[in-house]
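This report goes through selected local features of a structure. The sequence and the model are shown first.

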Amino acid sequence: MKTNKRDISSAKAYEYQVSNRYRIPTRSGIELGATISRPTDDGKFPVLV
Amino acid sequence: MARYFARRGYAFVNLNVRGTGNSQGVSTDEYTAFETQDGYDAVGWLAEQPWSNGKVGMLGASYSGFNTLQVAAMGPPALKAIAPAYFTDRRYTDDCHYKGGCLRGYYDMLTYGLSMVAMNALPPFRDAVGSQWSDLWEQRLEGTPLLILGT
């Protein structure tokens, strides 16, 4: 069976930025604090929580 | 872990449960309905950010492993994968608080119960929440029993 595996250990190494100032709104009205580390490149990336 | 995934093209999110870390609100218990609902809302918000491709995954161990299951059970459209570790969906038989349906008194009410509740009541980081720092912490302290804070 053919699989479509991507070896992320050999993928491009992105420069990234980190911020602990994200505020995520919720339907109950409170805001959740989040620290997000993400690539500095333009583009859209998958998110891991 | 954040650096590992960010360097490989992911936006990695450390999310604070309500009433903990830099979040508003008060932590009243583990795995509340509000907490799961918050996770659902967070997944949706993250998927809509300009740097997101709309696909969100969740991973975690223990408490956060439970959270992945609980949020996934609600079916947020943007959640595409979960990777829980050291988790269970049988909290009265296979959890650290209950084993075989029996409450582990020493662990649940003493070790974990006192330490976790007290840690949850710690202040948020001032540089993360700015001028609302003291209000957030005051709300958190007022919502936590004094007996616990004294430990």
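The text below covers a strand pair, a residue at a chain contact and a surface patch.

The model is predicted, and the values that follow are computed from it.

**Hairpin in chain A**

Strand β1 (residues 16–25) of chain A pairs with strand β2 (residues 31–39) of chain A. The pairing is antiparallel and runs over 8 bridges. Tyr16(A) has Pro39(A) as its bridge partner in β2(A). Between the strands of this hairpin lie 5 residues. In the hairpin, Gly29(A) adopts a positive phi near 105 degrees.

**Asp41(B) and its contacts**

Asp41(B) sits in helix α2 of chain B, which spans residues 33–47. Leaving aside residues up to four places away in sequence, Asp41(B) touches Pro25(A), Thr26(A) and Arg27(A). Asp41(B) counts as buried because its relative accessibility is 13%, and the cut-off for buried is under 20%.

**Nonpolar patch on chain B**

Leu103(B), Tyr106(B), Met109(B) and Leu110(B) make a nonpolar surface patch of about 430 Å². Helix α4 (residues 105–120) of chain B gives the most to this patch, with 3 residues. Tyr106(B) is found in helix α4 of chain B. With a relative accessible area of 62%, Tyr106(B) is exposed, since the cut-off for exposed is over 50%.

Key. Residues are numbered from 1 along each chain as its sequence is written. Chains are lettered from A and ligands numbered from 1 in the order in which they are written. This is a predicted model: local features need pLDDT of at least 70, side-chain atom pairs count only at pLDDT 80 or more; totals for chains, interfaces and linings use all residues. Side-chain values use heavy atoms; hydrogens and water are left out. Helices (H or I, at least four residues) and strands (E, at least two) are DSSP runs, numbered from the N terminus. Buried means under 20% relative accessible area, exposed over 50%, partly exposed in between (1.4 Å probe, protein chains only). Contact means heavy atoms within 4.5 Å. Two strands pair if DSSP finds at least two bridges between them. Patches are made of residues with over 30% relative accessible area and no salt bridge: like charges are joined within 9 Å, nonpolar side chains (Val, Leu, Ile, Met, Phe, Trp, Tyr) within 5 Å. Accessible areas come from the Shrake-Rupley method with a 1.4 Å probe; for residues, only the protein chains shown count as cover. A salt bridge is a side-chain nitrogen of Lys or Arg within 4 Å of a carboxyl oxygen of Asp or Glu.
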